[in-house]
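The sequence and the structure come first.

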Amino acid sequence: MRITDIQRCEVRPGRLVEWTLSPATVAVATGLPEDSRPPAYIQESHIRTAKCVREDGLFVPTWLGAAFDLPGPVDLDALGEALRAWTVRHETLRSGFRWVGEELRRFTLDAADVSLCREEAGDFPDADGLVRHLQDRFDTAADALRWPNLIYTAVVRDDGASVYMAFDHSNVDAYSLNRVPAEIHELYAAHLAGTEPDSRAPSASYIDFCEIERADADGLDGRHAIVERWREFIHRCDGTLPGFPVDLGLRPGGPLPRQQMLCEPLADADEAAAFEAYCRPYGGSLVGLLAATALIVHELGGQSVYRTVVPFHTRVKTRWSDSVGWYVGGAPIEVPVGRAPGFPDALRAVRAELQANRPLARMPLARVLSLLGADFRPTSPDLYSIVSYIDARAIPGAERWAELNAHGLLRVSYGDQVCVWVNRLPEGLWLASRYPDTDVAAKNLRLYVERLRDHIASVAHGRLPAVS
């Protein structure tokens, strides 16, 4: 899906309806015993970061969401049943955490105890007012430091409805959101028809994955090769995790800045295919995007080595492929770009770095940092800047995303890092980025995107030498 924010996903006026976990469900959760399965390191790091930032006096919403249309007229009872069935299907959505002293302990509801409460939120004849209401409502209902931390809504009109769903990031990643429209449509159609959906079995549980991953991570010690590789990388980053290596107009030690968002097409379908074909000998479009980024940030910032952490999914077994959760790790890479290398040279360098370091993404970075003994007290929701790539064309329902006005939603609030997401969609490459809201950052991000688009077009139209 196209990644954007609630302001840019074509919200239209209508009657707003909300679904949240019912008071009865919340009451059951209050009395639940501890679930022995621990939080994933990435979940715990996220929640602790939110707590630290809140204690510093700043409320930083970090929810993710999905938006898509349903043709009408819409049966709200059937939609509510579909939303409940989807919530039950994915165990992490009925699980939460409570503090016991300084430790996070999990609790998990049985499927039979999950029910949703539907409420009418009123008519919103003005799209701008509706957008403001949705954002404020999602900020409150999908807060990392509360539970429940999800909410489902529908803006109902005579010709159909637009569904907007928001979740605290601890329960979902971008890949999870991409699967939402097709799953809800399938469940909704089944409830309308009074039949069982094709995929009745619950998905594999992210909570089970958390337990497995954490057990593996806890088997590491500070002498492990993965820890040593991160130690060397962080040392060469002057003792920190890497930011985006261009001037962002930030004052050292200043308050956490507000952010802005940039999202737009990067290449059409033909250009995306030609770029992929050119880069395929070196690993494909991800390698090409990182190689182009390395060259561009050298032009803009002058650093002779591009250092970054590349996000990779950790769904290494097929059992996790349709599971909702936060299946993301990071691998450090260092790409030399001094001495004016060309694009083919940068491709080779990125390929070598990814081949050597991608396995590091399977080890949670929060565990590595604890073993390093580094004091990374989080003061920002993002530990480092990223350039992420997903080829989303094979995800179920992708061919209908444009028809359904489907979007993945990001909350843009505060942060001092640059995060870039590039998705390959049926219609081409789509870029979204959030960055500090300064004039300098806006100028340099605009230059970065324009030059990235030029790199892709140069490849697509044969203006670069063939890769040998």
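How many helices and strands does the chain have? In this predicted model, the chain has 13 helices and 15 strands. Its radius of gyration is 22 Å, close to the 23 Å that the globule rule gives for 468 residues, so the chain is as compact as a globular protein of that length.

The values for the whole chain are set out below.

| Property of the chain | Value |
|---|---|
| Span of the C-alpha trace along the principal axes | about 65 × 50 × 40 Å |
| Share of the 468 residues that count as buried | 57% |

Among contacts in the chain with a separation of 6 or more, 82% are accounted for by residues 24 or more positions apart.

About 60 Å³ of space lies in the largest cavity.

Which residues line the largest cavity? The lining consists of Ala50, Val53, Arg54, Phe59, Val60, Pro61, Thr62, Trp63, Asp139, Ala142, Asp143 and Ala144. Helix H2 (residues 41-55) gives the largest share of this lining, three residues. By residue class, the lining of the largest cavity divides into eight nonpolar, one polar and three charged residues.

Methods. Residues numbered from 1 in each chain as written. Predicted model: local features only at pLDDT ≥ 70, side-chain atom pairs only at ≥ 80, totals over all residues. Heavy atoms only, no water. 1 Å grid on protein atoms, 1.4 Å probe; cavity = no way out; pocket = protein on both sides within 12 Å on 5 of 7 lines; lining within 4 Å. Points joined across faces, edges and corners; volume = space filled by probe spheres on them. Helix = DSSP H or I, 4+ residues; strand = E, 2+ residues; numbered from the N terminus. Nonpolar A, V, L, I, M, F, W, Y, C, P; charged D, E, K, R; others polar. Rg over C-alpha atoms; globule rule 2.2 N^0.38 Å. Buried < 20%, exposed > 50% of the residue type's maximum accessible area, 1.4 Å probe, protein only. Contact = heavy atoms within 4.5 Å.
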